[in-house]
Each structure stands twice: as structure tokens, then as C-alpha cells.
Amino acid sequence: MTLNKDLYERYLAKKAKKLGVSVESLRGASSQTTGSQSTEQSQSENVVQASESNVEQQQVQQVNTYVQPTYPQQTYSQPVSQQTLYYQPSQTVNRVVEPTIIDRRENKFAVIGFPLGHSLSSVIHTVGFKSMGLDAIYETLETDPEDLVSRIKMLKNGNYKGFNVTIPLKLPIAMFIDEVDKSADIAGAINTVVINPDRTMKGYNTDVMGFKKAIPSDFKLFGKVAGILGTGGASRAATIALAQAGVKEIRYYTRNIPNCLDLLNYMRRIFPQVQFDAYQIEFIRDLSMVDILVNTTPIGMLGRSADMTPVEKPQLMTLPQGALVYDVIYNPRKTVFLKLAESLGYKTVNGLDMFIGQAVAAEEIWTGRIPNVDSMKIALLEAL
């Protein structure tokens, strides 16, 4: 508290008079008393402040100190991975489950093409199925190219398991196929088809294998020049077989060169080591550079043009000695083309072994088993 100075001086003078002392002595005593009181007050304030500070520190410690709670230990009798979880993840998460299709179809097969009056496919395939102990049906279904769409529908709806394809459908059938094997992909031609239980179709070309097997083992193709008559489906199988055997050049003889330019360019890309050329078949004059001449046209086939030949005798006799003349036609066994070649002293191969070879491969694809080749060949020879 602040005192009035005048009142304070009057107070000291009055007290000094009463005590018989001087005012100065009283002023000094008062000063000491005030100093003591101030000291005491200061000490008291320091104690209070210290006390308050301790309280605050204790409170801060209580706030900032985290006491780790203790939990009762739990003992597991088995590994965590084997314990029963509250949430069991589904075993089929992100897994596509394919429906199981049970194949209850009969063993029904067929051949399609046009014409088929010459076809002996049913003869050898029936014998082939019997040699494996299978109860199967093989039908001959003559199919004009204009009727191919309806024929495919009939085969699928009729629960056929597969079918063969022959002239002139080996190329257009590819439009209806869902998947092809390597040989069919390169050839662009299909002669064997599998109809799966889900009605999708896969195409194969077994003509390549059949063509190779028919060539005599003592006739070496490596480094030779091959001539192929025609540019249809059978010619492509022959091309693949010959190129894979190592011929250095393949010459196509065709009625329409512009139409075969795509085939030429395609084969050049697939087999860059082989030289490919095209010539007009009607203008054949000299075959002296050709070591193996292959007919893949239907000319000479029974029921179509059996009395004709794709190459006449004057042109045929220009082939070099030791040349091989090959006709993929198997019915008749000896076409006019082959008869002319034999009369000129050339080695000849008909389509019989090629036909049997492709049929054996087809039945293996359809059934997963290999039929008796000898039985099939005997049946074919008896039917010719």
C-alpha cells in the first residue's frame, strides 16, 4: 500500500516527540522494518511460485507420461495359420471356373467336297475305325461351294465330331474355323476339322504329312527344282512339304498368274531360302530344269476329267532323266498324266500313299489313337 507522504512525516514527528527520539532515528527503523517485510514478502512469493511450478511440472509429467497397459498373455495351441479365423477367404476368388461339357455325341464323321463320286474316304476310314475297335460312322456328303454354310450348320447340329475337306473347299472352309494348327496356318488350306463339344472348330492340314510320306526315300529333294501344277489347297500342302525338304526353287504353273501373286509373295516370306516363280500352264514348253513335277489340279480325277492330262506328252518329255512325276489324285490309281510319264521312263508316284497318310493322321487327331495302316491300304486297293 502507498502512504500519503505528508501524513507519514507528521506521524513520525508526533511519535518521535512522544518517545523522545529524533525523527531520523524513527525513519531508519521504519526503513529496516519495511525492507524486512519486503524480503519476507519476496521469499513468500518465491515459495509460492516454486510450489506452483512444481505442481505444473507434476501435471505436465502426468500428461506426457504414457503408461504401457499390460494384457494377459494368451497361449495358442496351434499355429496362427491353422487357427479358425472369423473371416475365411473364398477359395474361388479371382478364379474362372470353366463349365464342364460332357461329350455324349456318337462317333460320327464325314467328308465334304464336290464332286465326291470318286471318293473312297469312307472305305479307308471305316476300316481304320474298326482296326481300333471303335463303333463309328463315316459319311460322304457331297457339298457344292454355294452350300457350304448350310453344310457346316448341319454338321454342328447333327453332333458330328469331325470331318474331312477336299476339293474345292479346302480354302473357303477356313472362314468358319475358330482355330488352326501350324501347317494349316502356313498353307492357308484345311483338310481335317475337329468339332469340339462346345461347337467350336479347329482345322488341320494333314496333307503335308501325307505328301512327304509318299515320296520314295531314295529320291533326294535337297537342292532340287520343283514344278507344281495348280495353286489350290493341295498345292500349298505340296509347297510346304517341298520347302521343308530343302528344294531350292518352286515353279507354279497356273491358269491365272495375277490370282497367284498373293500366294507367291506369302510363300516368299515364309520360306525366304526358296525361290518362287509363276508360269502360265497353257504355255508350258520346256521342263528341262524341273526335277520333280507335281499335279495338284483335279484334271484326271475319276468322275470329272479322267481322260485328260494337265501336261501333254511333248511338253512332258522335256523333263530331265531321273525326274519324278507325282499326281496327288488316287482314283484312278494311274491317271493319264502318270501313264504318259511312265511311258517316257520317268519314276511316278500316285496319290494313294498320300491319301492313306493324311487319313491316318486325321483319325489320330479325332480319336487320339493310330489305326492299322496296312488294313486301310488293303481296303483302298481292293476298292480301286
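This is a predicted model: local features need pLDDT of at least 70, side-chain atom pairs count only at pLDDT 80 or more; totals for chains, interfaces and linings use all residues.
Biologist: What share of the residues counts as buried?

Modeller: Of 384 residues, 39% count as buried. The accessible surface of the protein is about 22,700 Å². Carbon and sulfur atoms hold 51% of that surface.

Biologist: And the contacts? What percentage comes from residues 24 or more positions apart?

Modeller: Taking contacts with a separation of 6 or more, 70% are between residues 24 or more positions apart.

Biologist: Let's do helices. Which residues of α4 are buried?

Modeller: α4 covers residues 148–157, and its buried residues are Leu 148, Arg 151, Ile 152 and Leu 155. Down the axis of α4, these buried residues fall within an arc of 100°, so they line one face of the helix.

Biologist: What covers the buried residues of α4?

Modeller: The cover includes five strands: β1 (108–113), β2 (137–142), β3 (162–165), β5 (192–195) and β6 (201–204).

Biologist: Which exposed residues are on the face turned away?

Modeller: Lys 153 and Asn 157 are the exposed residues there, on the face of α4 turned away from its buried side.

Biologist: Now α12. Which of its residues are buried?

Modeller: Met 376, Ala 379 and Leu 380 are the buried residues of α12, which runs over residues 373–383. They line one face of the helix, because seen down the axis of α12 they fall within an arc of 100°.

Biologist: What do the buried residues of α12 pack against?

Modeller: They pack against α3 and α11. On the face of α12 turned away from the buried side sit Asp 374 and Glu 382, both exposed.

Biologist: How do the lining residues of the largest cavity divide by class?

Modeller: Into 12 nonpolar, 12 polar and two charged.

Biologist: And the largest pocket? What is its volume?

Modeller: About 790 Å³. The largest pocket has 30 lining residues, and nearest its centre lie Gly 230, Thr 231, Gly 232, Arg 255 and Pro 298.

Biologist: Which element gives the most to the lining of the largest pocket?

Modeller: α7, with three residues. Both α7 (233–245) and β8 (249–254) supply at least two residues each. By class, the lining of the largest pocket has 14 nonpolar, 11 polar and five charged residues.

Biologist: A few single residues, then. Is Tyr 138 buried or exposed?

Modeller: Tyr 138 is buried, because its relative accessible area is 8% and the cut-off for buried is under 20%. Tyr 138 sits in strand β2.

Biologist: What is Tyr 138 in contact with, leaving aside neighbours within four places in sequence?

Modeller: Its contacts include Phe 109, Ala 110, Val 111, Phe 129, Asn 164 and Trp 366. His 125 is in contact with Tyr 138 too. His 125 and Tyr 138 are 13 residues apart in sequence, and their C-alpha atoms are 6.9 Å apart.

Biologist: Where is Asp 307, and is it buried or exposed?

Modeller: Asp 307 is in the loop between β10 (292–295) and α9 (313–316). It counts as exposed, because its relative accessibility is 66% and exposed means over 50%.

Biologist: Last one. Why does Ile 102 count as exposed?

Modeller: Because its relative accessibility is 56%. Ile 102 lies in the loop between α2 (23–64) and β1. Ile 102 and Asp 198 are 96 residues apart in sequence, yet 9.6 Å apart C-alpha to C-alpha.

Notes. Residues are numbered from 1 along each chain as its sequence is written. Side-chain values use heavy atoms; hydrogens and water are left out. Buried means under 20% relative accessible area, exposed over 50%, partly exposed in between (1.4 Å probe, protein chains only). Helices (H or I, at least four residues) and strands (E, at least two) are DSSP runs, numbered from the N terminus. The arc is that of the directions from the helix axis to the C-beta atoms. Contact means heavy atoms within 4.5 Å. On a 1 Å grid over the protein atoms alone, a cavity is a set of points where a 1.4 Å probe fits but cannot get out, and a pocket is an open set with protein on both sides within 12 Å along at least five of seven lines; lining residues have an atom within 4 Å of a point. Grid points are joined across faces, edges and corners, and a volume is the space filled by probe spheres set on the points. Ala, Val, Leu, Ile, Met, Phe, Trp, Tyr, Cys and Pro count as nonpolar, Asp, Glu, Lys and Arg as charged, and the others, Gly among them, as polar. Accessible areas come from the Shrake-Rupley method with a 1.4 Å probe; for residues, only the protein chains shown count as cover.
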